[in-house]
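User: I would like to learn how to read a protein model feature by feature. Please take me through this one.

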Amino acid sequence: MIEERTLRVLEYYEIIKQLKEQAVSTLGKERVEAIEISSDVEKVQVWQKETTEAQGILLQSSKVPIGAFYPMSEALKRAELGASMDMGQLLHLASSLRAARKLKAFLDNKEESLLLKQYTIQLTEDRELEEEIFSSIISEEEMSDSASGTLRQIRRSMSSMKESIRKKLDSIVTSSGQYLQDGIVTMRQDRFVVPVKLENKHKVPGIVHDTSASGATLFVEPMVIVEMNNKLQTLKNEEHQEIQRILKEFSDRAALIADEIRVNETNLTELDFIFAKGKLSISMKAEAVEYNFVMEIRLKQARHPLIDFKKVVPSDILIGKGYKTLMITGPNTGGKTVTLKTMGLFALMYQSGLHLPCDYGSSMCIFENIFADIGDEQSIEQSLSTFSSHMTHIVSILNSATKNCLVLFDELGAGTDPIEGAALAISILEEIKSRDCICIATTHYSELKHYALTEDGVENASMEFNIDTLSPTYRLMIGLPGKSNAFEISQRLGLQQHVIEMAKSRIHTDKLAMEDMLKEIEEEKKKIEYERRESERIYAEAQLIEEKMQMKLDKINDRKEREIQEGKKLAQEIVKKAKEEIDEQIKEVLNLKQQLDREDLNKELEKARKKIKNTMKGLAYEENILYSKEDKEKSLNQIEKGDRVFVSTFHQEGVVLESDDKKREAFVQLGAMKMNLPYEVLQKPKKSKKDSQYSGAGKILKHKSKNIKTEIDLRGLDLETARIELEKYLDDVVLSGLSQVTIIHGLGTFVLKKGVEEILKHYAPVKSYRSGKYGEGGPGVTIVQF
């Protein structure tokens, strides 16, 4: 159990406050307040994955339909005992059912929500009850007339009775206006009355229900409407009884699914909590950090989550590999405490299932416990930040810390004699180190810097300070102890040089030499760090160039592969055509076999061989060419859609469906086949007896291409009739060469739409089809690409 003091000084509650603001429901906010910090590896990993799923869905969908849902336990308990829920409780119930239904439908369509579906699979829907409640109850105090036929009839009778009473009273006001205080009709004790002057009380016979404050006015129910008011009261009682009956009926139905509604409440609360974590991750620009099993912290560009993103200085933090104790030194207000808090807060957040604001490639381990002794916490304890208060807390930490804990010390050993304080600090660090804990401490003591330099498993670190500007940069530099910079700062602030020299003479020469050495090391490290960053930048640019070149190469390879496949397809078509010609000639030979003698048969076989040879020669199927030089010389230079052409490679005539003069290619239909062919194999059609037929076909194609419509309306047709009309239309479209058409089928019962899609699915020339978009006709039309 992590101490409350540790949570407070590390400002964990501020993170929880931000997380709470991301939750939608009251139950979700309560769940945030009950957040758990766990040291169970499997549990933490599941929490992290859930947050990652929520973050991904939010980035993809921007908004998740977590509707309003409410705590229903008390109301359901009353319903189970036979009592009725009030209108407000029933509206809350319907709202909760709607929230469960919408969120379940949303997440069930998300393939990436594998972990979150374990919650939606348990959600129960009752849309009938949900919609009946919403249609019957208008507000927490009003029920709709449509709640039942009986209620509607009662309210109609009430309206009619009120109208009759008002008419009667209006006539009394008109006829006896001189006896009344005001010519108005009002209500007293839920009955209609008129204001009568006290001196005229005998002039208007009736029942007195009230008196004005002055006593000058009596509110009288005239005798002529007493019976009518009685009937109205009876109708009101009937209305109340009917409303109670309806509420009881809804309550009984709710009681039947009370357990399911409670499960809904639990799972909706958990989903609200998980999506709150996802929203917080996005707002912090946080990342899912990997878990490592080797008790190592590796954080890249870690940013304190409570400091403005534009102002915070990120730090790289590495601890656990080669050393488990990190000693941070540096000037005051240089960022030592912020780094310490960042590390502790990251550990708490990670073990709560929250993402961390750092760069991709970071990793964290899981600690058994986390301890922090930070002296600048913003609380009453600040006034008690003496050596005694620090030591009291340190004693508590030493009594509790075990293996695999994280321990944070701020200004360890401060507040007492420097020599004794440094000695105590080293002893405390040794004790923590012996327990195999990860420890980060800040200090100003030179003895602790020396301890970190000479002791295995301990590493120095410092906060960088810019001497030129006399200001800290807040960057953490691991491997280099901090320098006090007292002399440099004093000199730049104007302290006389001889005073500074006098001060230096009072310091041991070894210590001065070490300070100078540290300065040189720091300068060298800055240079190395700059060169490293430049190398990383150059490497990143090189990688980007490599990726771009690889993409280009992939495109070239894809295009090459497509061209090879198209060539193979054309070759296959040529071979297929040749085989068909051969098969046809063989059939003719077999038919002649029975009619001719052997000599005649040999003659016919020789003719067949010559014909096959000519056919194969005409197909021009060789390894490297598809057309001859002679074909090229006879080829056409300009071709238009609808033209009749002779294809030299097939010795057949066809019709041009599309042409491209730039590419010198035409899309030609040869019987049942359609293919792209180069202009080099296309010639003027040869004169024959069938010329008139071919030219007629060409005219038909040209006619179709000019007159075919780009849409067909199938609404009102039965499925079979629509199928015949559509197939004929599609054939005409293909012959005309249109690339896109619109099929209007409407919605209705979707029978016609499904039938159209089935035809398109099996119609070979169709490239793709989709439902219409807004402005195209919506789902009532289908857009087809050829």
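User: Which residues does Ser148 touch, not counting residues up to four places away in sequence?

Analyst: Before the contacts, a caution: this is a predicted model. With that said, Ser148 touches Glu242, Arg245 and Ile246. Ser148 itself lies in the loop between β2 (142–143) and α9.

User: Is Ser148 buried or exposed?

Analyst: The cut-off for buried is under 20% relative accessible area. Ser148 has 12%, so Ser148 counts as buried. A polar atom of the Ser148 side chain lies 3.0 Å from the backbone nitrogen of Leu151.

User: Next, sheets. In which order do the strands of the open sheet come?

Analyst: A sheet is read by strand order and by the sense of pairing. Here 4 strands form an open sheet, ordered β3-β4-β6-β5, with antiparallel pairing. The edges are β3 (186–188) and β5 (206–211); each has a single partner strand, so one side of each lacks a neighbour in the sheet. On average, neighbouring strands of this sheet are turned by 50 degrees against each other, direction ignored.

User: How many bridges pair β5 and β6?

Analyst: β5 and β6 (residues 217–222) pair over 5 bridges in the antiparallel sense. Within that pairing, Val208 stands opposite Val220 in β6.

User: Which helices pack on this sheet?

Analyst: Helix α9 (residues 149–175) packs on the sheet and touches β4 (191–197) and β6. The direction of α9 makes about 10 degrees with that of β4. Helix α10 (residues 226–256) also packs on the sheet, with contacts to β3, β4, β5 and β6. The direction of α10 makes about 145 degrees with that of β4.

User: What is the pairing of β12 with β13, parallel or antiparallel?

Analyst: β12 and β13 run parallel and are joined by 4 bridges.

User: How should I read a helix, and what is the length of α11?

Analyst: An α-helix has 3.6 residues a turn, so residues three or four places apart point the same way. For length, compare the end-to-end reach with the expected value. α11 has 26 residues and reaches 37 Å from its first C-alpha to its last, close to the 38 Å expected at 1.5 Å a residue. After α11 comes Lys285, with a positive phi near 55 degrees.

User: Where is Asn267, and which residues does Asn267 touch?

Analyst: Asn267 lies in helix α11 (residues 258–283). Leaving out residues up to four places away in sequence, Asn267 touches Tyr119, Gln122 and Leu123. With a relative accessible area of 6%, Asn267 is buried. A polar atom of the Asn267 side chain lies 2.8 Å from the backbone oxygen of Val263.

User: Which residues does Ala99 touch, by the rule that leaves out residues up to four places away in sequence?

Analyst: Ala99 touches Pro65, Gly67, Ala68, Phe69 and Leu268. Ala99 is found in helix α6 (residues 87–108) and is buried, with a relative accessible area of 5%. The C-alpha atoms of Ala99 and Phe69 are separated by 6.4 Å, although the two residues are 30 apart along the chain.

User: Which residues other than glycine have a positive phi?

Analyst: Read phi together with the place of the residue. Among them is Gln301, with phi near 50 degrees. Gln301 is in strand β8 (residues 297–302) and counts as partly exposed, at 23% relative accessibility. Another is Asn404, with phi near 65 degrees. Asn404 lies in the loop between α13 (387–400) and β13 (406–409).

User: Finally, how many helices and strands are there in the protein, and what share of residues is buried?

Analyst: The protein has 23 helices and 25 strands. Of its 786 residues, 41% count as buried. Among contacts between residues at least 6 apart in sequence, 67% join residues at least 24 apart.

Methods: Residues are numbered from 1 along each chain as its sequence is written. This is a predicted model: local features need pLDDT of at least 70, side-chain atom pairs count only at pLDDT 80 or more; totals for chains, interfaces and linings use all residues. Side-chain values use heavy atoms; hydrogens and water are left out. Two strands pair if DSSP finds at least two bridges between them. Helices (H or I, at least four residues) and strands (E, at least two) are DSSP runs, numbered from the N terminus. Axes are lines fitted to C-alpha atoms, for helices over the stretch in contact, and angles run from 0 to 180 degrees between N-to-C directions. Contact means heavy atoms within 4.5 Å. Buried means under 20% relative accessible area, exposed over 50%, partly exposed in between (1.4 Å probe, protein chains only). A polar contact is a pair of N or O atoms within 3.5 Å; within protein, one must be able to donate a hydrogen and the other to accept it, and residues adjacent in sequence count only if both atoms are side-chain atoms. The expected span of a helix is 1.5 Å times one less than its number of residues.
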